[in-house]
Amino acid sequence: MFVGEVENTRERDIEDMENALYPPAAGEIAGRVSSLFVYPIKSCRGISLSQAPLTPTGFRWDRNWLIVNSKGRGLTQRVEPKLSLIEVEMPKHAFSEGWQPDKSSNMVVRAPGMDVLKVSLAKPEKIADGVSVWEWFGSALDEGDEASTWFTTFVGKPCRLVRFDSASETRPVDPNYAPGHFAMFSDMYPFLLISQGSLDALNELLKDPVPINRFRPNILVDGCEPFAEDLWTEILIDNFTFHGVKLCSRCKVPTINQDNGIGGEEPIETLRSFRSDKVLQPQKKPQGKIYFGQNMVWKDGFGDGITKTIEIGDSVLVLGKLYSPTEAAT
């Protein structure tokens, strides 16, 4: 064997050893999409879909609407848990690629003890100024007095229903994590992904298992190990690229039973024992946060504006991942 061949063999041996210790992430099929969800009105019940059209700010219709109080501040289940009882129905073809509403298209809203409310999908003319959700302040489209009366009656305090005005407003996400990306009225980022394995691992520890609706994801993936999504920095779903932005820190909403609006202690107390920042990232100063799920952005969601769709059954291909949760952004 020549000297050059010996050196090449040695290099290959070293490379093989490194790959055994640190296997390459690219090209790993992690699982498949098992469920898709949108939440047209923030903090109200979600809609389960077989397919969901992508937009740079999230699935189409996701968190397009917000219930605000008399000061224009957005309401959530954190302070109004009964919002979990409000059901939302969109037109039959609203999630078909390229579908556009006409004058007869309505969002239908229902709640216990209330008459049915129909909200036209035609663009409202009235503007509501001084709307705020978390760190964002701006104007929105006001859905009118009938909707205001309906939500005021159900919530028990003055409310209005407003729609994000994408023609005149933008809401950037934290530029430290996803510069150049935007959301509508979602908490932080356009997409939230959770794995079935993570939910199953949690439920094995709970006396009373909880359904996935406690965590309000957009994308549920089956077939991967519990909490594998913590490590995903880049994935492909049906050839669309998503970037893992940061782990999702949880508030009290997962403790609210979405069927009756009643809160409790679980599953947050159990999650605290093995999903807190103190446990997952002991090298950092603890902030008292609890993580479940991965916030994501659609990386190739810009350009010609043509809507694209992902479906249940689509494969999830991991292009990049971390080696440990200690490396994950939080």
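Ala, Val, Leu, Ile, Met, Phe, Trp, Tyr, Cys and Pro are counted here as nonpolar, Asp, Glu, Lys and Arg as charged, and the others, Gly among them, as polar. The model is predicted, so local features need pLDDT of at least 70 and side-chain atom pairs pLDDT 80 or more, while totals for chains, interfaces and linings use all residues. Residues are numbered from 1 along each chain as its sequence is written, and side-chain values use heavy atoms, without hydrogens and water.

A pocket is an open set of points on a 1 Å grid over the protein atoms alone, where a 1.4 Å probe fits, with protein on both sides within 12 Å along at least five of seven lines; its lining residues have an atom within 4 Å of a point. The second largest pocket holds about 570 Å³ of space. Its lining has 27 residues, of which R78, D187, M188, C248 and S249 are closest to the centre. By class, the lining comprises 12 nonpolar, 7 polar and 8 charged residues. Strands (DSSP E runs of at least two residues) contribute to this lining: β12 (191-195) and β15 (240-249) each supply at least two residues, and β15 gives the largest share, 4 residues.

C248 is buried (under 20% relative accessible area), at 11%. C224 is also buried, at 13%. With a disulfide taken as two cysteine sulfur atoms within 2.5 Å, the count is 0. For C224 the nearest cysteine sulfur, that of C248, is 16 Å away; for C248 it is that of C251, 8.1 Å away.

In the loop between β15 and α4 (268-274) lies Q258, buried at 4% relative accessible area. Contacts (heavy atoms within 4.5 Å) of Q258 beyond four places in sequence include R45, Q77, N213 and R216.

Methods: Grid points are joined across faces, edges and corners, and a volume is the space filled by probe spheres set on the points. Buried means under 20% relative accessible area, exposed over 50%, partly exposed in between (1.4 Å probe, protein chains only).
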